[in-house]
Amino acid sequence: MRFLTCLLFVVSGAVCLVVPAAADAADQAAVHLDAKVEVQMDYLLYLPKDYDQKKAWPLVLFLHGAGERGDDLNLVKMHGPPRLIEEGKEFPFIVVSPQCPKGRWWREFELTALLDDVIATHNVDEDRVYVTGLSMGGFGSWGLAAFSPDRFAAIAPICGGGEPRSTRNFKHIPVWAFHGAKDTAVPLERTQAMIDALERQGAEPKLTIYPEAGHDSWTETYNNPAFYEWLLAQKRVAQED
């Protein structure tokens, strides 16, 4: 039997604090939770020219930085592929660019739900799904690779960082990371630590350091055709046990 204890404290009135007594070990029972988590997210969706003429297209998930959070999708167009698309550039892949609400960071389970929905409703080549992002989105890219290591063909985090121990989850995924040597917002060491951890796992990640760049190491990256050529050349490989 469980008992409730009521304590009275006289401060500026009476307060009743209900404290459950310790549960008897004999009361422990197995319980199963079966609940659905609701995910709501606004995002920009770009479909390539002649989209309907192919059964499967590569998909790039782009994660913006902290400055573009909010409820105005125009903010997402400030940098990266969404900006280039707005300027008239055409890409040979689907681009999904979600917006993170103010006061929040990227949540892996929400991004996974977004990808699940887009893949279920569009012509996506599931062996050619990529994630890239800048600053907060760079952190999100590292985190999402660790969360869903069997989904991505490659990741390209820019001026972000992560938990080095998590690299054991995605050592099989091709990585090309970017950082500015003079970045004072997110030190280069944050990316270098992830690269070093991957190399200790036997992986061969690529790292580009811009000697004169500060925090903005994304403009040069996303303007470089070689970046997209490398990305699209990668295909998903099975994770080794």
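**Entry 1: a charged pair**

Which side chain meets Asp116 in a salt bridge? I found Arg151 there, with N and O 2.6 Å apart. I then checked where the two sit: Arg151 is in the loop between helix 3 and strand 7 (154-158), and Asp116 is in helix 2. The pair links distant parts of the chain, 35 residues apart. Arg151 has a relative accessible area of 17%, so I noted it as buried. Asp116, at 38%, is partly exposed.

The protein chain has a mean pLDDT of 91, and 89% of its residues reach 70 or more. Residues 1-17 are another matter, with pLDDT below 50. In the model this stretch has 20 contacts beyond near neighbours in sequence. Where pLDDT is low, the predicted coordinates should not be read in detail.

**Entry 2: the other salt bridges**

My search of the whole structure gave eight salt bridges. Glu110 and Arg104 form one of them through their side chains, at 2.6 Å from N to O. Glu110 is buried, because its relative accessible area is 8%. I also saw that Arg104, Arg107 and Glu110 are linked in a network of salt bridges.

Next I looked at Glu86, which forms a salt bridge with Lys77; their closest N and O atoms are 3.6 Å apart. Glu86 has 53% relative accessibility and so counts as exposed, while Lys77, at 23%, counts as partly exposed.

**Entry 3: the nonpolar cores**

I turned to the largest nonpolar core, which has 32 residues. Leu59, Leu61, Trp142, Phe152, Ile155 and Phe170 touch the most other members. Among the elements that give two or more residues to this core are strand 4 (57-63), helix 2 (108-121) and helix 3 (136-147).

Beyond four places in sequence, its contacts include Ile155, Pro157, Phe170, Val175, Met194 and Leu198. There is also a second, separate core of 25 residues, with Phe91, Tyr210, Ala213 and Tyr222 among them.

**Entry 4: Thr221**

Is Thr221 buried or exposed? I have it down as buried, because its relative accessibility is 1%. Thr221 lies in helix 5 (residues 218-222). Its side chain makes a polar contact of 2.7 Å with the side chain of Tyr210. Leaving out residues up to four places away in sequence, Thr221 touches Ile158, Phe178, Tyr210 and Phe227.

Notes
Residues numbered from 1 in each chain as written. Predicted model: local features only at pLDDT ≥ 70, side-chain atom pairs only at ≥ 80, totals over all residues. Heavy atoms only, no water. pLDDT = per-residue confidence, 0-100. Contact = heavy atoms within 4.5 Å. Core = buried A, V, L, I, M, F, W, Y, C linked by side-chain atoms within 4.5 Å. Buried < 20%, exposed > 50% of the residue type's maximum accessible area, 1.4 Å probe, protein only. Helix = DSSP H or I, 4+ residues; strand = E, 2+ residues; numbered from the N terminus. Polar contact = N/O pair within 3.5 Å; in protein donor to acceptor, adjacent residues only side chain to side chain. Salt bridge = Lys/Arg side-chain N within 4 Å of Asp/Glu carboxyl O.
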